[in-house]
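I opened my notebook to keep track of what I look up in this structure. Entries are in the order I went.

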Amino acid sequence: MNIRTSARFRNRLLVAPALLGLSLAAACSNSSGSSSGSAGSAAPLPASCAKYQPYAGHSGTTVTMFASILSPESDSLEKSWAEFSTCTGIKISYEGSNDFESQLPVRVAGGNTPDLAIIPQPGLLGQMVKTGKVVKPPAQTVTNEDQWSPIWKTYGSVNGTFYAAPMSANMKSLVWYSPKAFQAAGYTVPKTWADLKALSDKIAAAGTNGSRPWCGGIGSGTATGWPATDWLEEVVLGGQGSQVYDDWVSHKVKFSDPPIIQSMQTVAGWMQNPAWVNGGIGDVKSIATTTFQDAGAPVLTGKCWMLQQASFYEAQWPKTAKVGPDGDVFAFQLPPVNPALPVPVEGGGEFLAAFSSRPEVQAVQNYLSTADWATSRVKVAPGWVSANHGVDQSLYTDPIDQLSAKALTDTSVAFRFDASDMMPAAVGSGEEWKAFTAWFAEGESIPKVAADVDSAWPQ
Amino acid sequence: MPVTSPLLADSAWNDAAIKLGNSFGAIAGFLGILLVVFFAAGRATGRLGRPLAIAVFLGPALLLLLVGLVAPLIRTIYLSFRSDDSSRFLGLKNYGWAFTTDTIHQVLLNTLLWLVVAPVAATGLGLVLALLVDRMRWQSLYKSLIFMPMAISLVGASIIWKFVYDTRDSSQAQIGLLSQAAIWLGWHNPPNWILSHPLNNFLLMVVMVWVQTGFAMVVLSAAIKAIPDEVTEAARLDGASGLRLFWYVTVPMIRTTLVVVLTTVMIVTLKAFDIVRTMTGGNFGTQVLANEMYSQSFVQFNVGRGSALAVILFIAVLPLVGYNIVQLRKERATR
Amino acid sequence: MSSQTSDQPALSTARPLPAVKAVRKSFSSPLGSLFVIVVTILWTIPTFGLLATSLRPQQQVAVSGWWNVFSHPDLILSNYHSVLFDGGFGVQGGLMPYLVNSLAITVPATVFPLVLASMAAYALAWVRFRGSDTLFFLIFALQVVPLQMALIPLLQLFSGGAHLGGLTVIPKFDLSGTYVPVWLAHTMFALPLATFLLHNFISQLPRDLMEAAVVDGASHFKIFRSIVLPLCAPALASFAIFQFLWVWNDLLVALTFAGGTPEVAPMTVRLAQLSGSFGGHWEVLTAGAFLSIVIPLLVFFGLQRYFVRGLLAGSVKG
């Protein structure tokens with residue numbers, strides 16, 4: 001999945017200019033008058049910087065950070081902590097790479113570790129902890145983390161020990177559609193799985209000039225297959241419940257066990273239904289060769305009506321398309337397959353792991369775990385959501401952000417982290433992608449696909 | 001580069017000057033040290049002279065090879081006998097996995113196919129072109145255009161060709177050239193090329209051939225030009241026709257070059273994972289050994305299996321190396 | 001295609017042709033020329049498609065083929081503008097710093113292996129010693145070591161030095177943020193092929209010339225500098241082109257040893273960041289890809305005439 005959470009970030013790199021950063025740091029250390037001493041005894045910062053007092057005392061230091069987030073999203077990140085850097089004099093040297101998931105392990109194994117890394121997958125965090133290089137967060141970070149729902153702490157933990165505080169969250173259980181087109185055709189947003197199926201059949205029956213109810217694409221370079229794993233996760237969470245979901249993640253329930261096989265059949269009846277897909281693109285097999293970025297384009301031309309994709313898909317719509325409840329595109333929450341279960345909210349997120357315990361690294365860690373920083377980030381630009389309960393919901397300006405933030409902090413829904421992100425890499429970013437791609441591309445049978453994935457589970 | 005100075009801050013130019021200065025400074029320093037060493041070592045005479053010369057000439061290269069290739073090779077062999085995180089000894093289990101798993105069978109088969117088809121096609125085509133192009137007007141234009149793909153990175157080339165093979169539903173406008181060409185030629189419902197196994201393997205090989213043919217052509221063309229006229233003159237006077245002359249005189253005369261070109265392209269082919277990685281991610285039955293190795297080691301974190309595949313790759317190429325060595329030995333013997 | 005020309009008698013002309021020309025002649029029927037032209041066009045079309053795509057607006061790239069530029073020429077330069085000048089947060093000059101890095105990485109990473117490999121090749125070919133053949137073959141065999149397997153051990157070496165037991169063999173240098181690790185890595189990976197190809201050439205140099213120099217009392221160092229290097233200039237230039245192209249187009253080594261900051265990262269790393277995951281932003285990617293092949297092409301055209309004399313020409317002169 002590595003790409004799915006980071007796909008929205010992959011655009012353009014922004015890296016802090018050394019010169020600018022240094023001059024800021026220099027200006028800052030001059031104004032604060034002091035550049036040494038521990039946080040407790042640091043000289044007071046000027047009034048405008050008062051709120052950064054807890055992080056003072058490390059002026060002139062640099063903290064390196066490595067992540068998969070690329071410009072323009074990384075620009076927003078850097079802007080969000082620019083004031084912190086100016087006031088405290090801690091320069092954060094940021095590097096984004098779209099090979100993050102394979103580069104981080106290489107660099108950690110090679111001894112060239114960054115101070116901080118923003119890791120989007122609990123599974124990868126587990127791999128890093130195994131190397132023994134990840135440092136536990138300072139006490140303040142642990143306290144700050146309590147502002148998140150308790151379940152997030154487990155996602156930032158490995159074998160019961162808390163290592164990485166969540167920074168952001170995203171919402172996956174969304175179906176994108178065109179409110180304008182729905183209105184023109186007289187369709188309403190389905191509230192239950194039965195409604196969803198009825199609507200799909202209706203659209204399929206009415207289908208003029210090749211329009212179909214659903215479109216999809218699972219192509220994503222080396223991560224091809226991940227959107228298909230999301231579809232199964234939605235169906236498992238909404239059809240079998242969170243207990244089965246958790247057991248499935250820990251392999252107590254296997255892919256070849258009845259609940260998962262049954263869920264795969266549901267997915268096959270949905271995204272492999274030749275009457276329903278692949279609107280505006282081709283047949284069922286074309287899902288395997290269409291990139292997830294391109295998959296939604298037919299929604300705007302009326303050739304396809306619905307696309308299941310995460311909140312970060314918002315970045316893929318052309319700038320000319322208006323996003324909103326009455327706009328060109330918007331999203332509704334995917335109803336649960338089993339109406340007796342709570343609404344499933346499958347999500348992803350990013351975790352800040354430290355590879356150094358230097359005081360300035362801990363200062364940055366502490367700051368980035370506060371609701372204060374999250375608020376600062378929300379104000380910079382839309383397209384970013386925190387599940388931190390300390391963030392004022394009214395700050396979100398984007399309708400999709402509002403929708404996601406509401407769902408992610410809603411305590412009545414069944415929130416679960418992306419399953420493949422938590423499974424061992426050999427499955428979650430290996431065999432599951434491959435087998436599911438073969439499932440769509442070559443029409444491999446469901447029992448064979450399930451058996452293939454199970455056999456890759458590390459013994 | 002079409003970069004005009006008003007668009008760039010002075011600091012950017014200064015920065016560029018410093019970086020390039022460092023870089024050329026490093027080259028100057030490197031050559032300077034060599035010159036001094038040469039001068040000093042050149043003074044040594046007598047019994048010390050020869051060993052010293054060998055040490056100076058070979059030492060740096062051997063040291064770098066030892067550190068950069070030999071040590072990692074030994075480490076890889078060691079890791080291939082160990083578990084995914086190298087903590088346990090597994091014996092030959094990783095190799096057993098490689099030879100008993102269905103998907104890996106497919107990978108080995110594909111790799112073999114690549115190894116035979118792509119280099120032979122690139123070299124063969126390069127040879128024909130080398131013979132044909134030299135008589136034509138504007139030959140350097142043709143040569144340069146055919147060589148041009150060599151200047152494009154394999155990732156870039158894969159992106160270009162992904163465009164060529166793109167297929168849309170027959171009700172849509174095609175954006176892939178191959179599908180459009182098929183439609184122009186009257187085939188109204190072309191398949192989804194990249195999904196059509198086993199054709200897709202060959203479509204990916206086309207990319208490699210496209211990149212490597214220019215290399216083969218340029219090198220072989222030079223080799224043909226270097227054949228001394230008098231060597232083949234006798235054969236020609238015996239009445240051999242052009243084609244026979246080509247087969248029995250030209251080809252044997254450039255055989256060493258042919259083998260070298262073939263070997264070079266084969267090794268590039270074996271090691272190249274970018275094409276498969278970029279175009280199919282190893283899906284649809286197109287996976288090759290180099291990409292599977294990369295994926296096992298760096299995506300799925302199974303260093304043991306990745307290392308075992310690397311060793312298999314290494315062993316697969318050894319016969320090729322052996323053949324080259326035999327050829328070189330023969331050539332040495334005749335000299 | 002050659003079958004159609006095979007019956008053409010090579011001896012039909014009265015004037016005796018040099019034999020090689022006879023071979024060529026039999027291949028140079030109009031059909032042969034046509035074949036070359038067709039191949040050339042086929043070989044150029046994909047790159048032309050890249051150029052055309054890079055000049056089209058984003059919306060059109062996704063819905064219609066690039067050949068539509070002929071019927072609906074609607075070309076823009078904004079893709080190039082965004083590649084060249086859009087920096088991120090505070091990055092000046094867009095692609096410029098990366099272009100400089102590419103040059104600063106590629107030139108030394110071409111010169112170093114070239115010089116070291118020609119020295120090694122000379123020693124193996126002309127300062128023969130017991131085991132020199134075996135050594136040469138071993139170096140040749142090292143070509144097949146997959147470089148992915150060398151990434152982690154080399155990174156460990158560069159960041160922590162080398163230790164054998166408690167003994168520090170190579171001390172730790174702080175090289176991060178400099179080009180040195182990238183230069184070294186590229187040099188190491190290039191040595192086997194470079195040594196092999198240059199050895200082929202150097203070992204074919206005229207024996208009399210070498211022996212005469214030895215009789216004159218020249219040291220190996222003098223022979224290397226004043227005879228070997230000048231004589232194998234064409235081979236050096238040919239290999240330089242390949243090494244230049246290889247380093248220029250490399251992504252993996254640069255990403256691992258240089259990282260992605262504008263201080264050291266080359267164009268390829270930047271382009272990978274620009275493109276995001278493959279699939280999105282074709283138009284920007286194509287513009288970047290086209291820019292990245294300009295310099296290698298200039299290098300190729302600049303050194304092209306050396307190809308006429310050839311990389312391996314020496315190996316068939318015997």
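I call two residues in contact if their C-beta atoms, placed from the backbone, lie within 7 Å. This is a predicted model, and local features need pLDDT of at least 70, side-chain atom pairs count only at pLDDT 80 or more, while totals for chains, interfaces and linings use all residues. Residues are numbered from 1 along each chain as its sequence is written, with chains lettered from A and ligands numbered from 1 in the order in which they are written.

**Chain C, overall**

I began with the contacts in chain C that have a separation of 6 or more, and 70% of them are accounted for by residues 24 or more positions apart. I then looked up the elements and found 16 helices and two strands in chain C. Helices here are DSSP runs of H or I with at least four residues, strands are runs of E with at least two, and both are numbered from the N terminus. For burial I use 20 or more other C-beta atoms within 10 Å of a residue's own as buried, 12 or fewer as exposed, and in between as partly exposed, with C-beta atoms placed from the backbone. By that count 57% of the 318 residues of chain C are buried.

**Chain C, its domains**

Chain C is split into domain 1 (2–76) and domain 2 (96–316); such bounds come from an automatic or database domain assignment. Seven residues of domain 1 of chain C are in contact with six residues of domain 2 of chain C. On the domain 1 side, helix H2 (30–54) and helix H3 (58–63) of chain C each supply at least two residues. H2(C) has the largest share of that side, four residues. I sorted that side of domain 1 of chain C by class and got three nonpolar, three polar and one charged. My classes: Ala, Val, Leu, Ile, Met, Phe, Trp, Tyr, Cys and Pro are nonpolar, Asp, Glu, Lys and Arg are charged, and the others, Gly among them, are polar.

**Chain A, its domains**

Next I took helix H5 (residues 100–109) of chain A and helix H8 (residues 151–160) of chain C, whose axes come within 8 Å and cross at roughly 50°. The axes are lines fitted to C-alpha atoms, for helices over the stretch in contact, and angles run from 0 to 180 degrees between N-to-C directions. H5(A) and H8(C) are therefore oblique to each other; under 35 degrees would be roughly parallel, over 145 roughly antiparallel, 65 to 115 roughly perpendicular, and the rest is oblique. The contact is made by Val106(A), Arg107(A) and Ala109(A) of H5(A) with Leu151(C), Ile152(C) and Leu155(C) of H8(C). By class, that is five nonpolar, no polar and one charged.

Most residues other than glycine have a negative phi, and most peptide bonds are trans. I noted the exceptions.

- Val277(A) and Asn278(A) are joined by a cis peptide bond, omega about 5°.
- His197(B) and Pro198(B) are joined by a cis peptide bond too, omega about 0°.
- His251(A) is not a glycine but has a positive phi of about 70°, and with 14 other C-beta atoms within 10 Å His251(A) is partly exposed.
- Phe284(B), also not a glycine, has a positive phi of about 60°; Phe284(B) counts as buried, with 24 C-beta neighbours inside 10 Å.
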